[in-house]
Structures are given as structure tokens and as C-alpha cells.
Amino acid sequence: MTSLRLGYLYGFVAYLLWGFFPLYLRLLRPAGPMEILAHRIIWSVVFVALLLAALRNIGFLRALLRRPRTLAGIAVAAALIAVNWGTYIYGVNSDRVVETALGYFINPLVVVLLGVTVLGERLRPAQWAALGIGASAVAVLTVDYGRLPWLALTLAFSFGGYGLVKKRLGLPAAEGLFVESAVLALPALGYLAWLTRRAESTFGHVSAGHTALLVLAGVATAIPLLLFAGAANRLPLTSLGMIQYLAPILQLGCGVLIFHEPMPPARLAGFALVWLALVVFTADALRQSHQSRRAARISDLASSI
């Protein structure tokens, strides 16, 4: 199998797993969102530590401890991903899977907005149009919900910010996930100890299957991230950008078709505007990529003459 095909395989499997993740989270009831989040953090640390030990790659920690600015960046990334994970778990287990899907649909638009506000990037007219359509979608959905779709916006901005910090850190997937989870492990352990002291922990008190599923939350977290890293290293950015829509499409399907969450006309109109914004955004990205490749070929041809 070629490297490109392997990249597509990794990418599709990663987004398939993320797309059906709501089904897994529902199996963790009656554990509450914070308890699930704490177990997800702790077992991620355990799983990735075992993986790094098997790969004999623990030595990177010594070098990392000599880079305080990188450690500070990791702490910020850890806080953002904790907010993202906790919000997503809350959304799924409070019967708001459709709104969580919305968050990941608008995430690419949020990334563009962060590029302007944080990195000072200049947008092309089509990108401004996509942002304008996206803002209109949020307005329509605010009217439909009777409030801002805060859960979707929290997911989009926390994951967008996480991606921005991760891009600046440049850490490999497994090492980055281990350190981020390790930063959060102590508060997570403290919370679980508090739950146990109050006799409110579900771990070991529901069933053997439920306990096993809580432990496997670390594996369910790490594997898609590692697959995504493998895809990102092998695929063009435009191809990876197209595949990313698979996860929220599947999440939306889970919410509407499996969990039977409502999709009234106004909400459907809001989603339609989001999809229109993504079509404009994606078409512009593909056109820009084509122009860049064409310019590179012309430059190579000119240099060879």
C-alpha cells in the first residue's frame, strides 16, 4: 500500500471513530460528564505511557523539562482540550448530540477567524464570505434555540484554540497527548478521590462491563489521535480538510437518526447556512491549492530552462 493510500485509510478510520464516539459515550452512563472526563484523562496517560515505553521513547521528557516555554504552552493546550472534552461529553449525555455536531461543522470557520485575530492573517474575499454566512447561521440558530448555541461555540473555539497552540508547539501526537494528559492527571485523580469519598463514584459499582468501558476511554481517546497524526503526515492539507467533515456528519446522523433529537425547519435552515459556508470555504481552499501547485510547476519549469 502506498503512503498516500495509507494516509487516506488512517484519516477515514480516525474520523469514523470520532463520528461514532457519541454511541460509546452513551454506554458510560450513569457516570456523569466530569467523572467520564477524569477517567478519559487518567487512562489516556496510562495507555500512551505504555505505548511510549514499548517504543522506548520516554527519553523525550528529559529534553522537554528543559523547555519551560514549551511546558507552558502544553499547559494551555491541556486546559483547552479538557474544556473541549468535558463540553462534548456533557453535550452527548444531555441529549444535545446535534449541537455538538454543529460545533465541529463550524470549527474550520473558527480556525480561519483565529488566524485573523491571533496570527494577523489576511483573508481572501471568499473566506470573508464564508465567515459572514457562518455568522448568519449562528444568528438563525440563536433564534431557533432561544439562546446562543453556546455548547457548539465552546466546542469550536476550544478545539480551534487547541489546534493553534499545538501547531506552535510542534510536538508529535503520542508525546503531546501524554504530556497534556499528565498535566491534567492530578486534578482528575483528585476529583475521582472526592467522588469515591462521597460514595458517588460509578467506577466498579455498576457492572464489570461499565468499569471496563471507563478504562478503555483512554484507548478510545488515543487511537483516533494517533491515526489522525499518521494521516496528517501523509496527506495534502486540502485532502485532510475534506475528510474532516466526515465526523460531524456521522455525529449529526447519530443525533437525528439514532437518538431521535429534534431537527425543526429553523434549525435545519441554520445547518444549511453552515454547510453553504463550508462549501464556499472548501471551494476557495481547493482553488487556492490548485493555483499554488500550478505556480510551483511553472517556477520549476522556468528554473530548469
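A: In the contact between helix H6 (97-117) and helix H8 (150-169), the H6 side consists of Glu99, Thr100, Leu102, Gly103, Tyr104, Ile106, Asn107, Val110, Val111, Leu113 and Leu114. These meet Trp150, Leu151, Ala152, Leu153, Leu155, Ala156, Phe157, Phe159, Gly160 and Gly161 in H8. Contact means heavy atoms within 4.5 Å, and helices are DSSP runs (H or I, at least four residues), numbered from the N terminus. By class, the contact of H6 with H8 has 15 nonpolar, five polar and one charged residues. Here Ala, Val, Leu, Ile, Met, Phe, Trp, Tyr, Cys and Pro count as nonpolar, Asp, Glu, Lys and Arg as charged, and the others, Gly among them, as polar.

The model is predicted: local features need pLDDT of at least 70, side-chain atom pairs count only at pLDDT 80 or more, and totals for chains, interfaces and linings use all residues. Residues are numbered from 1 along each chain as its sequence is written, and side-chain values use heavy atoms, with hydrogens and water left out.

The axes of H6 and H8 are 7 Å apart, and the two helices pack at an angle of about 45°. Axes are lines fitted to C-alpha atoms, for helices over the stretch in contact, and angles run from 0 to 180 degrees between N-to-C directions. That angle makes H6 oblique to H8; angles under 35 degrees count as roughly parallel, over 145 as roughly antiparallel, 65 to 115 as roughly perpendicular and the rest as oblique.

From H6, the residues Val97, Val98, Thr100, Ala101, Tyr104 and Phe105 meet Pro248, Ile249, Gln251, Leu252, Gly255 and Val256 of H13. That contact divides into nine nonpolar, three polar and no charged residues.

The second largest pocket is lined by Ile106, Leu109, Val110, Leu113, Leu131, Gly134, Ala135, Val138, Leu153 and Phe157. Two or more of its lining residues come from each of H6, helix H7 (125-145) and H8. A pocket, on a 1 Å grid over the protein atoms alone, is an open set of points where a 1.4 Å probe fits, with protein on both sides within 12 Å along at least five of seven lines; lining residues have an atom within 4 Å of a point. The pocket volume is about 160 Å³, volume being the space filled by probe spheres set on the points. Its lining has nine nonpolar, one polar and no charged residues.

Asp95 lies in the loop between helix H5 (68-93) and H6. Although not a glycine, Asp95 has a positive phi of about 60°.
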